[in-house]
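Reader: I'm new to this one and would rather understand one part well than skim everything. Please walk me closely through how the pieces pack against each other, and spell out any terms as you go.

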There are 2 protein chains.
Amino acid sequence: MSTSLTISLDAMGGDNAPDMVVGGIAVARERYPELKVLLYGDKAKIDPEMAKHPGLSEIVEIRHTEKAIGSDEQPAQALRRGRDSSMRLAINAVKEGEAAGVVSAGNTGALMAMAKYVLKTQSGIDRPAMVSFFPTTRGESAMLDLGANVDCDSNNLVQFAIMGAAFARIELGVERPTVGLLNIGVEDVKGNDAVKTAGQILRDGEFDFEFAGFVEGDDIGAGTVDVYVTDGFSGNVAIKTAEGIARLYTGFLNDAFRSSLISKIGYALAKPALDRLRAHMDPRAYNGAMFLGLNGVVVKSHGGTDAKGFAHAIDVAVDMIRGDFAERINTDLVRFGAAEQSNSEPVAS
Amino acid sequence: MSTSLTISLDAMGGDNAPDMVVGGIAVARERYPELKVLLYGDKAKIDPEMAKHPGLSEIVEIRHTEKAIGSDEQPAQALRRGRDSSMRLAINAVKEGEAAGVVSAGNTGALMAMAKYVLKTQSGIDRPAMVSFFPTTRGESAMLDLGANVDCDSNNLVQFAIMGAAFARIELGVERPTVGLLNIGVEDVKGNDAVKTAGQILRDGEFDFEFAGFVEGDDIGAGTVDVYVTDGFSGNVAIKTAEGIARLYTGFLNDAFRSSLISKIGYALAKPALDRLRAHMDPRAYNGAMFLGLNGVVVKSHGGTDAKGFAHAIDVAVDMIRGDFAERINTDLVRFGAAEQSNSEPVAS
C-alpha cells in the first residue's frame with residue numbers, strides 16, 4: 001500500500017453527488033495539503049463542479065466512467081453488473097495500491113459486497129463489520145456491527161470487540177478504550193448464547209482494551225463505554241432508533257419554540273446555547289461509517305450528506321490510513337487465537 | 001374470571017413501595033369508583049400509608065405477608081423461594097378468580113416467570129411477550145417483545161403481531177391498527193430467516209390489522225405504524241436506546257438553558273411550550289408494560305415510578321380487563337392456525 005495520501009472517491013454515490021463530493025474534496029484539501037484524489041465518475045457531470053473550485057484539478061485526477069450503482073440496486077446485482085461502475089473502480093484502486101483508501105456515499109449493501117469481493121477479509125477476521133461513532137452525554141462512542149451481519153456467533157462478537165477497540169484508539173484518540181457487549185441485562189445469565197459466550201471470552205482474556213461487561217440500550221446515549229459491540233441486527237436497530245428519537249426531539253423542540261410569540265422570543269434569547277447543542281448533535285460531524293476487517297480502508301458516507309459531511313468521511317479515511325489499523329488489531333487477534341486453541345484442547349479440571 | 005373491577009396489587013415491588021402503590025390506588029379510585037383492591041404485602045409498612053388517604057380502606061383489603069421478592073433475585077430462585085411473596089400471592093389471586101388482573105412494580109424477570117408458571121400461556125400462543133407503548137411524532141405506538149424471549153422464530157413473531165394489534169385496539173383505541181415488522185431494511189430480501197418468513201406470512205394472510213411490511217429503527221420515533229413487532233433482544237435494545245437518547249436530549253437542553261443568564265430568561269419565556277413537550281414525553285404517562293398471552297391480565301409498572309405513574313399502570317390493567325383481550329385475538333389466531341396447517345400439507349403448485 002502506498003504511504004502517500006492518495007484516496008479514491010466514488011463521485012456518483014449519494015443524493016447530492018457529484019457536487020458534495022467535489023465540495024468535500026475542497027474542504028479536505030485545506031486540512032491535508034498533501035492529499036491526492038482519484039475521482040471516479042461521469043466527467044460531464046464532474047467538470048462543472050470542479051470549475052467552481054479553482055486549483056482543485058491540481059490534486060484531483062478524474063477517471064471517467066458513465067456507469068453508476070443505483071441506490072436501490074441489490075448487492076448481488078451490483079456485483080454482477082457493476083464492474084465498470086464508479087464505486088467498483090474506486091475500490092479497485094485500493095486493491096491495486098494506487099489509493100490507500102476509498103470513500104463512497106452510495107448504496108451501502110453494494111459497497112460492502114464489492115469491497116469484500118475485491119479486497120477480501122483481513123487474516124484473523126471471519127466477518128467484516130460496519131462501525132460508526134455518535135454523540136453521547138460523555139462525548140463520542142463507537143458501535144459495531146451496524147448491519148453487515150444479521151446472525152453473529154461468539155467469535156464474530158469477540159473479533160468485533162478487538163476491531164472496535166482499535167477503531168476507537170485511532171478515531172477517538174482513547175489509548176485504552178472501554179468495550180461493552182450490548183445485552184438485555186447486565187447479569188451474566190442474560191442474553192442469547194452468542195452474547196453469553198462472547199462475554200465469557202472477553203472477561204477471561206487479556207486484550208488491549210478494558211472489557212466493561214454487558215451494557216444495555218440506555219447506555220448508548222449515556223456513553224457508558226467507548227465501544228458498543230453487538231450483532232448487525234441489533235446494532236442497526238439501535239443506531240437507527242437513536243437517530244429517530246433525536247429527530248423526534250428536534251421536531252418537538254421546533255414546534256414548542258414556534259408555538260407563540262413569547263416562545264419565539266425565548267428561543268431567540270436561548271439561541272446561542274441551543275446552537276451549541278445543535279453543533280454537538282450535528283450528524284455531519286459523525287459522518288463516516290467504516291467497514292472494518294477488510295484489506296484496505298473503506299468508508300461509507302451518509303447518502304444525504306453535504307460537502308462538509310463528506311469532508312468528515314474523508315477525515316475518517318485519512319485517520320484510518322495513518323493509524324495503521326491492521327497492525328493495531330494483530331496483537332489482540334493473536335491472543336484470541338491462542339485462547340481459542342487452548343479452549344479446544346482437552347483439559348483436566 | 002370475575003366481571004367486577006377487582007385487581008390484585010403487589011404492595012412491595014418498586015423503589016418507592018409501598019407508598020407509591022397506596023398513593024396510586026388513591027389516584028385510580030377517582031377514575032374508577034367501582035374499583036376494589038386486594039393488596040398484598042407487609043401490613044406494618046402499608047398501614048401508615050393507608051392512614052394518609054382517609055376512606056381508602058373501604059375499597060382495599062390488605063392481605064399480609066412479610067415476604068417480598070428482591071429486585072436482584074433471579075427468576076428461578078424467585079419461583080422456588082417466593083411462594084409466600086407479595087408478588088406471587090397477588091398473581092395467585094388472578095388464578096383463583098378473586099381478581100381480574102394484577103399489577104406489580106417489582107422484579108420484571110420474577111414477575112414474568114411466576115405469572116407464566118401460575119397462569120399458564122393462553123391457548124394458541126407459544127410464548128407470552130412483553131409490550132409497552134411510547135410517545136412518537138404522531139402520538140403513541142406499541143412495541144413487542146421487549147425482552148421476554150431472546151430467540152424468536154417466525155411463528156412467535158406472527159403471534160406477537162396478532163397480540164400487539166389487539167393491545168393497540170384496546171389501549172390506543174385504534175380500530176384497525178397498522179403493524180410493522182422491525183428489520184434492518186425495508187426490502188423483502190433483508191433480515192434473518194425468522195423475520196423474512198414472518199413477513200411472508202403476514203403479507204399473505206388476512207388479519208384484523210393492516211400489515212405495513214418491514215420498518216426500521218428510525219420509524220420508532222416517527223410513529224410510522226401503531227405496533228412494532230420484533231424479537232425480545234432487539235425490542236429490549238430499541239426501547240432502552242430510545243429512553244437513553246431521550247434522557248441525553250433532556251440533559252443537553254437543561255445544560256443549554258442554564259449556560260447563561262440570557263439563556264435562563266429565554267427558558268422562562270419558552271417554559272409553557274417546553275412544559276407541554278415535557279408532558280408529552282412524561283415517562284409516567286407511558287408506564288405499564290403488559291405480559292400478553294397469559295391466562296390473565298398482568299401489568300408491570302416501572303420500578304422507579306411514583307403514585308401518578310403507578311395509577312397509569314392500573315389504567316392499563318383496567319383497560320385490558322374491560323377490553324376482553326383473549327376474545328379479540330382469537331379470530332386472528334384461528335386464521336393463522338388455518339394458514340399454518342395448509343402450509344404444512346403437500347400442495348400442487
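**How the helices pack**

Author: Let's start with a pair in one chain: H4(A) and H5(A) make a right-handed crossing. That label means the near helix is turned clockwise from the far one by less than a right angle, with left-handed being anticlockwise. Bear in mind that this is a predicted model: local features need pLDDT of at least 70 and side-chain atom pairs count only at pLDDT 80 or more, while totals for chains, interfaces and linings use all residues. Residues are numbered from 1 along each chain as its sequence is written, chains are lettered from A and ligands numbered from 1 in written order, and side-chain values use heavy atoms, leaving out hydrogens and water.

Two packed helices are described by the angle between their axes and the distance between the axes. Here H4 (residues 86–95) and H5 (residues 108–119) of chain A come within 10 Å and cross at roughly 35°. Helices (H or I, at least four residues) and strands (E, at least two) are DSSP runs numbered from the N terminus; axes are lines fitted to C-alpha atoms, for helices over the stretch in contact, with angles from 0 to 180 degrees between N-to-C directions. Among the residues that make this contact are Met87(A) and Ile91(A) of H4(A), with Leu111(A) and Met114(A) of H5(A); contact means heavy atoms within 4.5 Å. By class, you get 10 nonpolar, 1 polar and 2 charged residues. Ala, Val, Leu, Ile, Met, Phe, Trp, Tyr, Cys and Pro count as nonpolar, Asp, Glu, Lys and Arg as charged, and the others, Gly among them, as polar.

Now for helices from two chains. H9 of chain A (residues 232–258) packs on H9(B) at about 35°, their axes 8 Å apart, and this crossing is right-handed. Phe233, Val237, Ile245 and Leu253 are among the contact residues on both H9(A) and H9(B). The contact divides into 18 nonpolar, 6 polar and no charged residues.

H9(B), residues 232–257, also meets H10 (residues 261–281) of chain A, at an angle of about 145° with the axes 8 Å apart. This is a right-handed crossing too. Contributors include Leu274(A) and Leu277(A) of H10(A), plus Phe252(B) and Leu253(B) of H9(B). That contact has 11 nonpolar, 1 polar and no charged residues.

How do the two chains relate? A rotation of 180° with 0.0 Å of shift along its axis superposes chain A on chain B, with an RMSD of 0.0 Å, fitted by least squares on C-alpha atoms of residues with pLDDT of at least 70 in both. The copies are thus related as by a two-fold rotation axis. The same surface serves both: 100% of the contact residues of chain A recur in chain B. Gly266(A) is the residue of chain A that comes closest to that axis, at 1.8 Å (C-alpha).

Chain A has an open sheet of 11 strands in mixed pairing, ordered E3-E2-E1-E4-E11-E10-E5-E6-E9-E7-E8, where strands pair if DSSP finds at least two bridges between them. Its twist averages 25° from one strand to the next. H7 (residues 193–204) of chain A packs on the sheet, touching E7 (178–182) and E8, and its direction makes about 155° with that of E8(A).
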